[in-house]
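Me: I am new to this structure and would like to go through it slowly. Could you show it, and then take my questions in turn?

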Amino acid sequence: MLGFVKEPVVVTAKINVNLVALTVLGLISRLWGLCYPRAVVFDEVYYGQFVSLYMKRIFFVDDSGPPLGHMLLALGGYLGGFDGNFLWNRIGAEYSMNVPVWSLRLLPALAGALCVPLAYQILVELHFSHCAALGAALLILLENSLITQSRFMLLESILIFFILLAVLSYLKFYNLQKHSAFSGSWWFWLLLTGVACSCAVGVKYVGLFTYMLLLATAGLHFWHMIGDQNLSNVSLLCHFLARGLALIIIPMGLYLSFFYVHLALLYRSGPHDQIMTSAFQASLEGGLARITQGQPLEVAYGSQITLRNVLGKPMQCWLHSHTNTYPIRYENGRGSSHQQQVTCYPFKDVNNWWIVKDPGMQQLVVSNPPRPVRHGHTVQLVHGITTRYLNTHDVAAPLSPHSQEVSCYIDYNISMPAQNLWRVEIVNRESDMDVWKTILSEVRFVHVNTSAVLKLSGASLPEWGYRQLEVVGEKLSKGYHQSMVWNVEEHRYGKSQEQKEREVELHSPTQMDISKNLSFMAKFTELQWKILTLKNEDTEHKYSSSALDWITMDTNIAYWFHPTTGAQIHLLGNVVTWASANAAALVYLCLSLWYLLRRRRNIYDIPEDAWQLWMSAGGICAGGWAVNYLPFFLMEKTLFLYHYLPAVTFQILLIPVVLQHLGDHLCRSVLLKSMFSALIVAWFSWVYFVYCTLSPLSYGQPALSPSELRALRWKDTWNILIRKP
């Protein structure tokens, strides 16, 4: 029974020495001197702020994309014991001793290093020679721009890693399709494709371009499977469902999980949550939650409320009034009602409080039991401090003459009766009997007499209006634009009928305690919408560029500059590699068109298997370059050279594809093949020479003299920083 112990246990393993060597070289090139410089480098000043917020569990919104990349950077800080205490306010600022620089930069560096063996494996899975695969990996290894970008607390190297992992996983899955369908390895690579695609999108939305490319490729491959008569209908259905599960359902679920973890980590209120709705803010610890704790849930007749406009643009603000009146005449000569101003005020103030009144009763307190206000009920809104009624009438608004003026009614004893009845419409109601709820309900106020809707115009009033935002009655209202929607933020049940007592009450805290927690899906939907629609004002940056500048690398970015030695780090690509990549793309396009024209005439210059290999490699490499580059021509945002790095990575992979094709099919004689091989060796030596020459600008060391820096200014458009003696 125990006879097996008499013989030694032998484990046999195949080790790809090329793969191991490339991985080691990649790690050395990316991890060497990782703590240098011990100062904030370019966009570390941006991403570092989010890492600090993660460490302190403070909520934030970043309009640049989903949270996975930020969480991975924060993971590095967490593993290094970072407490989040550092002021990220200046590029070049020296890191304090509590900042674990090596740990914060580790994950981007590891991702950049692993891109080297991934490039090798992709070419192997595309059925190119190991020599071509080795060339692709070495080109990625010696690419200065990828080295620079992966050695700092930035996201591009992580994005490129997941993109290449997704491509490799799909190719491995596809190559197992014919002989090992539905095997364990088949499922592993298919599922890993979906996971890697989801992670790529979760780091930056530009990862969606490669995801769409792989989905289109998978769709094309499945279309070919439909024509395979050897596959039954049941088998085709299983293949379809497997791909749908792995490439669509699981990535969507994983994408949601990124936000779930993000929201679970960031549970404290901070400066960024002000752009969120009141319901979202109230779900965070501190901030609005501290103010609104204990508020009644249902708005009743007699309730004292503040009304926040849901739009939040140009800034968050609350419905407001004060004793000042509109000017009798505006600067353009138009007249006004000269009644009390109603505005939207961007700060908490006692003049933001309003009382919900039943038009059929005089009392301004909540009855016992409270009578809740429901969808469709008519109310009057009484300004808490001045006790004047919210009113609109057929008088042009001060800055929006096509809309009605909104005021608090003052009886001047003239022929201008009060028009102060408003119908409450709950926009997000589930039924027409819904009760108006604090924070949760989004409501419109429709003027009963004129059908105008209470709206924030967004215009800033002149000095007489204290630069507060204009509120109007919008007569031609179609749909539910957020500028017409309001929600109750602060709420109490009014108890004092006398005005003096009521003013004291308006300043006092609320008493009742009702929880208003949002579901995860509600928070996810709101946060996702904010990320997609929140636009920071794009300003021209010194190092911004256009997409056309990237191909010829007419631009660079100075990442860091030492104040005394003149050592500096620049985002610059290996000019030989980039020029070769452009040439490879052009050769691929011209040869493909030539072959297509010839095949149309039934002239086949290369064997069918070589043609399929040529097209499949082009679909991945040239297609990957196109989908990651061309969309930037349609984007209205500030662009930088690093946006081109995913595209140029695919373009670099195309170089050995084209070179092997030229060597195999166009160099027919032994002499030509020998000359072609010699040219490749000379060309690769040139690539290595440029890598070594630009390395001081990639690693920031050694420091170069002014004359050496001038010698590296190979293009007039490159901004190499030279210290004046």
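Reply: Buried means under 20% relative accessible area, exposed means over 50%, and partly exposed lies in between, with a 1.4 Å probe and protein chains only. This is a predicted model, in which local features need pLDDT of at least 70 and side-chain atom pairs count only at pLDDT 80 or more, while totals for chains, interfaces and linings use all residues. Residues are numbered from 1 along each chain as its sequence is written, and side-chain values use heavy atoms, with hydrogens and water left out.

Me: Which residue pairs with Asp-358 in a salt bridge?
Reply: A salt bridge here is a side-chain nitrogen of Lys or Arg within 4 Å of a carboxyl oxygen of Asp or Glu. The partner of Asp-358 meets this rule at 3.0 Å, N to O, and both residues lie in the loop between strand 4 (353–357) and strand 5 (378–383), 13 residues apart.

Me: How far apart are the closest N and O atoms of Arg-598 and Asp-605?
Reply: Side chains of opposite charge can pair when their charged atoms come close. Arg-598 is partly exposed, with a relative accessible area of 25%, and Asp-605 is likewise partly exposed, at 28%. These two residues form a salt bridge, and their closest N and O atoms are apart by 2.8 Å.

Me: Where in helix 19 does the kink lie?
Reply: Helix 19 (residues 670–699) has 30 residues and reaches 42 Å from its first C-alpha to its last, close to the 44 Å expected, a span defined as 1.5 Å times one less than the number of residues. The bend at a residue is the angle between axes fitted to the seven residues ending there and the seven starting there. In helix 19 a kink of about 40° comes shortly before the proline Pro-696, at Thr-693.

Me: Which residue follows helix 19?
Reply: Among the buried residues of helix 19 are Pro-696, Leu-697, Ser-698 and Tyr-699. After the helix comes a residue whose phi is positive, near 80°, and this is Gly-700.

Key:
Helix = DSSP H or I, 4+ residues; strand = E, 2+ residues; numbered from the N terminus.
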